[in-house]
Amino acid sequence: MTKTGLVAVIVRLWNIFQWSIIFASVAGIIATCPDSRLIAPCQCQTENNVVSMVCANLQSVQQLMKIFEPPFPVNQLWHLTVKHSHLDDLEANLLGDKSFAVILFQNVTGVSKIMPHAFAASVERLRVLTFDSSPSLGVLSVQGIADLENLVDFEVTASVDQLIDFPSLPNLQYLHLYGNRFSTPPSLPHLPKLHSLWLNSGKLVALKPLDLAFLPSLRKIVLFGNQLRQLDEGDLHFQSPRVDLIDLSDNDLSGGIHPSAIEGISFNTIIDLKKTNLTQLEEATFRPILSVLARGAGHVQLHGTMLQCDCHSFGWLLQEPKLMAKISQTSKCSDGVNIHFKTSRLQCPSNETIADATSKATTQRIDSKISVS
């Protein structure tokens, strides 16, 4: 090897060495945890060059705040879990200058209010905020999350008796409020991008004051496993251009569904009414719904209801094969027999439908006027 070639090799190796040092330094900054002695009883871990922390058995919110006071190798971390801890109201600048993309509070006590600017350092980065399995929480005020303009997913699950002071969040898409103890939904403000709402597995007995006019993008509402006994006028009036799912299963809807309870559905909406104790398919309620679904792939699921598959309940529907086809093929009568199988064997007299009754009444009024004149 010539002297010139040797110099070139040495220079190339030196450059590689320098870049290796720089890369290692950058990687170290990205993935380095704080000194474990400074953050006890929290633990830190790194994975895929991101830093996450888990804090357990804390005794106060002040203890949590003190952990985040010292300088960290990095201020932008990925995930924070605080669990099995007694906290107080979440104060402003709760986590100092440390920011997270995902924050989970699990099985915590003592929190009744999220103060304004509690997650100030995370305003730009926080995407998911969760309070889960914290059954001792009573009334939780969440006005303090109003500055989280980039929050996409907010969850308060199996935790509260009441959720109040809900702010408008411009980018919220998912709202999980299942498993809570409130009997009516929280009053929600304008949430322009919210498309999925979970209110299932709770103690709801009514849907008001929930107003879907404030949720113009809502595509899915999940309400199964509550204590709803009926749907009242205006309960589910969708304003969104597309509705994918209305899940009302496992509710005792023996009180019936008002003819104007459900409006604004799409051609492809799935309406789940399994295990709802419905006894009849009232024409005034179901004809408008099935007429919309008949124009697409949507359908109604009725497995596990108390439907009597007789002419009284299905007579009007058997005259409308396109509408009857929108009853899910797996739906069953109260005796467990498939609805389509059983009703196909019914010999019903010609029933007067609502449309026929309306037309007949109109004709009678016209004839009456003619006879008078």
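This is a predicted model: local features need pLDDT of at least 70, side-chain atom pairs count only at pLDDT 80 or more; totals for chains, interfaces and linings use all residues.
## Parallel strands

Strand S2 covers residues 50-56 and strand S3 covers residues 79-86; the two pair in the parallel sense over 5 bridges. Within this pairing, Cys55 has Val82 of S3 as its bridge partner. S2 and S3 also belong to a right-handed β-α-β unit, together with helix H3 (residues 61-67).

S3 pairs with strand S4 (residues 102-109) as well, again in the parallel sense, over 7 bridges. Here His79 stands opposite Val102 in S4.

## The nonpolar core

The largest nonpolar core has 93 residues. Those that touch the most other members are Leu90, Phe105, Phe119, Leu129, Phe154 and Leu236. In soluble globular proteins, nonpolar side chains tend to be buried together.

Leu236 can be followed through its contacts. Leaving aside residues up to four places away in sequence, Leu236 touches Leu207, Leu212, Ile221, Leu223, Leu231, Ile246, Leu248, Ala261, Ile262 and Glu263.

The model has 11 salt bridges. Side chains of opposite charge can pair when their charged atoms come close. One of the salt bridges joins Arg181 and Asp161, whose closest N and O atoms are 2.5 Å apart.

Lys208 and Asp235 form a salt bridge through their side chains, at 2.9 Å from N to O. This pair links distant parts of the chain, 27 residues apart: Lys208 is in the loop between S10 and strand S11 (220-222), and Asp235 is in the loop between S11 and strand S12 (236-237). Lys208 counts as partly exposed, at 42% relative accessibility, whereas Asp235 is buried, with a relative accessible area of 3%.

## A helix pair and a network

Arg287 and Glu320 meet in a salt bridge of 3.3 Å, N to O, between their side chains. Arg287 belongs to helix H4 (residues 283-293), and Glu320 is in the loop between helix H5 (311-318) and helix H6 (321-324); the pair links distant parts of the chain, 33 residues apart. Arg287 has 17% relative accessibility and counts as buried because the limit for buried is under 20%. Glu320, at 27%, counts as partly exposed.

Salt bridges also form a network, which links Arg219, Arg242 and Asp244.

## Asn251, a buried polar residue

Asn251 is in the loop between strand S13 (245-247) and strand S14 (262-263). At 1% relative accessibility, Asn251 counts as buried. Which backbone atom does the side chain of Asn251 reach? The side chain of Asn251 reaches the backbone nitrogen of Leu228, at 3.2 Å.

With residues up to four places away in sequence not counted, Asn251 touches Leu223, Phe224, Gly225, Asn226, Gln227 and Leu228, and also Lys275, Thr276 and Asn277. Leu223 is also among the residues that Leu236 touches.

Technical notes
Residues are numbered from 1 along each chain as its sequence is written. Side-chain values use heavy atoms; hydrogens and water are left out. Two strands pair if DSSP finds at least two bridges between them. Helices (H or I, at least four residues) and strands (E, at least two) are DSSP runs, numbered from the N terminus. A crossover is right-handed if, with the strands pointing away from the viewer, the path from the first strand over the helix to the second runs clockwise. A nonpolar core is a set of buried Ala, Val, Leu, Ile, Met, Phe, Trp, Tyr and Cys residues joined through side-chain atoms within 4.5 Å. Buried means under 20% relative accessible area, exposed over 50%, partly exposed in between (1.4 Å probe, protein chains only). Contact means heavy atoms within 4.5 Å. A salt bridge is a side-chain nitrogen of Lys or Arg within 4 Å of a carboxyl oxygen of Asp or Glu. A polar contact is a pair of N or O atoms within 3.5 Å; within protein, one must be able to donate a hydrogen and the other to accept it, and residues adjacent in sequence count only if both atoms are side-chain atoms.
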